[in-house]
Amino acid sequence: QEGALGFCCLAVPIFDHRAKPAAAMSLSGPSVQFTPEARRQMLHDLHQGAGTISHQIGGTGHPNLPAP
C-alpha cells in the first residue's frame with residue numbers, strides 16, 4: 001500500500017534508446033481491486049504498454065521482457 005491507507009500503485013519503466021529508464025507508467029487505485037490475479041493482469045498490461053512506448057521512442061525495452 002502507498003502512503004494513503006487502502007490505496008495501491010504498480011509502476012513499470014519506459015526505456016530509451018540506450019536501454020536506460022526514461023519514464024514510467026503506473027496504475028493506482030483502491031487496494032481491494034488489487035487482488036493477486038488482478039495484479040498479474042495489471043502488470044502484464046503495464047509491461048505491454050510501456051514496451052510499446054519504449055519502442056516508439058527508439059528504446060529497446062526491458063532486456064528480460066518480450067517485445068510488444
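Predicted model: local features only at pLDDT ≥ 70, side-chain atom pairs only at ≥ 80, totals over all residues.
For C8, by contrast, a relative accessibility of 4% places the residue in the buried class. The structure contains zero disulfides, and C8 accordingly takes part in none, the nearest cysteine sulfur, that of C9, being 8.6 Å away. Since a disulfide requires the two sulfur atoms to be within 2.5 Å, the 8.6 Å between the sulfur of C9 and the closest cysteine sulfur, in C8, is too far for a bond.

The loop that joins β1 (7-15) to β2 (21-30) includes A19, a residue whose phi is positive, at about 65°, although A19 is not a glycine. With a relative accessibility of 34%, A19 is classed as partly exposed.

Helix α1 spans residues 36-56 and comprises 21 residues, with a reach of 30 Å from the first C-alpha to the last, which is close to the 30 Å expected at 1.5 Å a residue. Its buried residues are M42, L46, A50, G51 and S54; because these cover an arc of only 165° around the axis, they lie on the same side of α1. This buried set packs against β1 and β2, whereas the face of α1 turned away from the buried side carries R40 and Q56, both of which are exposed. After α1 comes G58, for which phi is likewise positive, near 90°.

Definitions and conventions. Residues numbered from 1 in each chain as written. Heavy atoms only, no water. Helix = DSSP H or I, 4+ residues; strand = E, 2+ residues; numbered from the N terminus. Buried < 20%, exposed > 50% of the residue type's maximum accessible area, 1.4 Å probe, protein only. Expected span 1.5 Å × (residues − 1). Arc of directions from axis to C-beta. Contact = heavy atoms within 4.5 Å.
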